[in-house]
Amino acid sequence: MTLHPSAATLGEEARETSAWGLLKRVSRDLSRYRVQVALVALSIVAYTLTGIATPYTLGIIIDNYILKGNLPGLATMSLIYLLLLLGQWASMTANTYYIQTVGQLYLRDLRNKIFSKLQRLSMKFFTSRRIGDLVSATINDTSTLNDVLVSGILSVLGHLLSLVGVVAIMIYINPVMTAVALANVPLLIFIARTYGRRLKEAHRVVRKKVAESTMLVEESIAGISTIKAFGMDERVLRIFNTVSNETSRAFVGVAKLMGLFWPFMDLTVTLSVILVLAFGGYLVSVGAASIGVVVAFIQYVNRLARPITQFVNMYDSLQAALAAAERIYAVLDSEEVEREGIGAVELKNLRGEIELKNVTFSYVPGRPVLKNVNIHVRPGEVVAVVGSTGAGKTTLVNLIMRFYDPDEGQVLIDGIDVKKVKLGSLRRAVSYVPQETYLFPGTIMDNIKLGKPGASDEEVIAVCKELGIHEFIERMPDGYMTDAGEMGKKLSTGEKQLIAIARAMLRDPAVVILDEALSSIDVVTEAMLRGAMKKLMEGRTGIIIAHRLSTAKDCDRIIVIEDGEVIEEGTHDELMNARSRYHELYKNMTRTITTALLNPPK
Ligand code: CTP
Ligand code: MG
């Protein structure tokens, strides 16, 4: 399973350039936290300076004070040495603290940016992505990016500076001994590189397995009722166990490599120390160096290993960061297709005329779902749209709401192209009850109020009374205060639809679009609701998508869509007389009900 094919298929070269662009982008973002970054820089400089000074001071203490028996001076020097150590300790603490501060600020802003972007992206974007990927981009990828690019790079910069500083002071003290001390560095780099590559692969496997198991949990919770109904529990469990095993094996794989890596590095460093001791001992014996210099060099050599290994770790995790960054920037750079043009107009005092002119649309290029559709809904008219499953009814609404833009043709509201209308005003003017009702966690009252933020309880109750569902809601356990549960899970589908209709009506919209909004409501409630709706629809334009033709019958006009084309339109009577497709649909429906009634399930 490849989760992120875009990241996987990108060549090294493409990555290099994007890495560079990425660094520039990150540093541009970081410049916003100037003060904190300056504190990081300051602590890095302090750390480097104290790091250089401590071994040097130790060398002086040994040569000039201990070996020469200068005891009063030794006390002062020891104090200085202690202060330097404290300074080193303090600057390291400050460094860690400020790097985290910068990182978390950056992380917070990035997360907010992605989230607000997600809210503005077109529907097309969401249908082409897996939800898990998006969640991962918002939460996991941002923290990976922070760990590596922000914290990682800042600390590597610190290490780089101390590396340069240490080598410089070593050369200053004794160039020949520096050459000996550094003789081992190629070996160090070789080990680090070799392990870096293996670690990179091992980390990749870990990430893949973690993503797989997360996805499995997500999907199995979302599909829990299907899983239970089809008795798939055992199978899902088995799949999970397998993935779970693979995940822990992958983690152990990484641990094994790491466990080998550090002792190897230690060994190499020890080798350098021995070289310094041997060569330094020789220099001391011939009087070409002092004992203090040898001791200082041993300390310096120990200080070299850390920065070098840091670079190697950096190389490895940079890969992860790049993949994460690619996904994050893919989200951030996605086009907001539903942007309004410059000079978009505010819809005011809408008459409620809707027109689709020669509209052709496809979700997947080359497979049109709507073909040259022409529909004209006059202000105040209530039109039913019927047609078989997959005919393109919901797609029609998607275009009117401007969730998508047509490939060809125009969608007009009051004669204005919806592309030239302020999106907010379009969506305020048109109340839409989607096919899949979504209720947010909260009470029924809260959920209805979402239709018109700031509405009073009285307004909500008035609308429900008009719709004739007030008594029905009052009968629920806590009336309007009944908890709808997560995604409205505690309510039946029909109940959810009633609430969604109330939510739409509370808006007092010029245009009402119902997509199968009555499909799960029983026939009696539906009949009652139809009467109430008729009253509520007065003076409004309505587009009502219906599988149940009893709903369609009442409308001013009926449009039949088949296979993305308008094939018939007219009133119920006209279409019935014409012995049309509508007639066929209608007849079939009555027949199905009759057959069902005649042959009740045993
Ligand atoms: N479709 C698609 N990509 C989407 C949504 C829909 O390719 N993101 C396709 C569907 O597979 C279908 C066609 O577009 O073949 C029309 O879908 P839709 O307008 O949703 O059909 P409806 O007429 O609304 O069908 P139903 O009665 O089942 O709601
Ligand atoms: Mg539909």
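Reader: Let's start with Thr57. Which helix does Thr57 lie in?

Author: Thr57 is part of helix α3, which covers residues 34–66. Keep in mind as we go that this is a predicted model.

Reader: Noted. Is Thr57 buried or exposed?

Author: Buried, because its relative accessibility is 9% and the cut-off for buried is under 20%.

Reader: And what does Thr57 touch, leaving out residues up to four places away in sequence?

Author: Thr57 touches Met77, Tyr81 and Leu84 on that count.

Reader: What about Gln88, where is that?

Author: Gln88 sits in helix α4, residues 71–120. With a relative accessible area of 9%, Gln88 is buried too.

Reader: Which residues is Gln88 in contact with, sequence neighbours aside?

Author: Once neighbours within four places in sequence are set aside, Gln88 has contacts with Tyr47, Thr50, Gly51, Thr54 and Arg303.

Reader: I also had my eye on Ala323. Which helix is Ala323 in?

Author: That's helix α11, residues 291–333. Ala323 counts as buried, at 10% relative accessibility.

Reader: Switching topic: the ligand. Which residues are around ligand 1?

Author: The residues around ligand 1 are Thr127, Tyr363, Val369, Thr389, Gly390, Ala391, Gly392, Lys393, Thr394, Thr395, Gln435 and His547. By class, that shell has three nonpolar, eight polar and one charged residues.

Reader: Which helix gives the largest share of the shell?

Author: Helix α12, residues 393–400, with three residues.

Reader: How much of ligand 1 does the protein bury?

Author: The protein buries 68% of the 600 Å² that ligand 1 exposes when taken alone.

Reader: Where is Glu516, and is it buried or exposed?

Author: Glu516 is in the loop between β7 (511–515) and α18 (523–536). At 5% relative accessibility, Glu516 counts as buried. Glu516 and Ile545 are 29 residues apart in sequence but 5.4 Å apart in space, C-alpha to C-alpha.

Reader: How many residues are in the largest nonpolar core?

Author: That core has 46 residues, and the ones with the most contacts inside it are Ile448, Leu467, Met505, Leu529 and Tyr582. Helix α17, residues 493–506, gives the most to this core, with eight residues.

Reader: Which residues is Leu529 in contact with, beyond its sequence neighbours?

Author: Leaving out those within four places in sequence, Leu529 has Leu467, Ile469, Leu498, Ile501, Leu518 and Ile521 as contacts. There is also a second, separate core of 36 residues, which includes Val359, Val377, Leu396 and Val418.

Reader: Where does Val359 lie?

Author: In strand β1, residues 354–361. Val359 is buried, with a relative accessible area of 0%. Its contacts beyond four places in sequence include Leu370, Val373, Leu399 and Val411.

Reader: Last one: what is the phi of Asn358?

Author: Positive, about 45°, although Asn358 is not a glycine. Most residues other than glycine have a negative phi. Asn358 is in strand β1, and it is partly exposed, with a relative accessible area of 42%. Asn372, in strand β2 (residues 370–377), has a positive phi of about 45° as well. Asn372 is partly exposed at 47% relative accessible area.

Methods
Residues numbered from 1 in each chain as written. Chains lettered and ligands numbered in written order. Predicted model: local features only at pLDDT ≥ 70, side-chain atom pairs only at ≥ 80, totals over all residues. Heavy atoms only, no water. Near = heavy atom within 4 Å. Areas by Shrake-Rupley, 256 points an atom, 1.4 Å probe, with all protein chains shown as cover. Helix = DSSP H or I, 4+ residues; strand = E, 2+ residues; numbered from the N terminus. Nonpolar A, V, L, I, M, F, W, Y, C, P; charged D, E, K, R; others polar. Core = buried A, V, L, I, M, F, W, Y, C linked by side-chain atoms within 4.5 Å. Buried < 20%, exposed > 50% of the residue type's maximum accessible area, 1.4 Å probe, protein only. Contact = heavy atoms within 4.5 Å.
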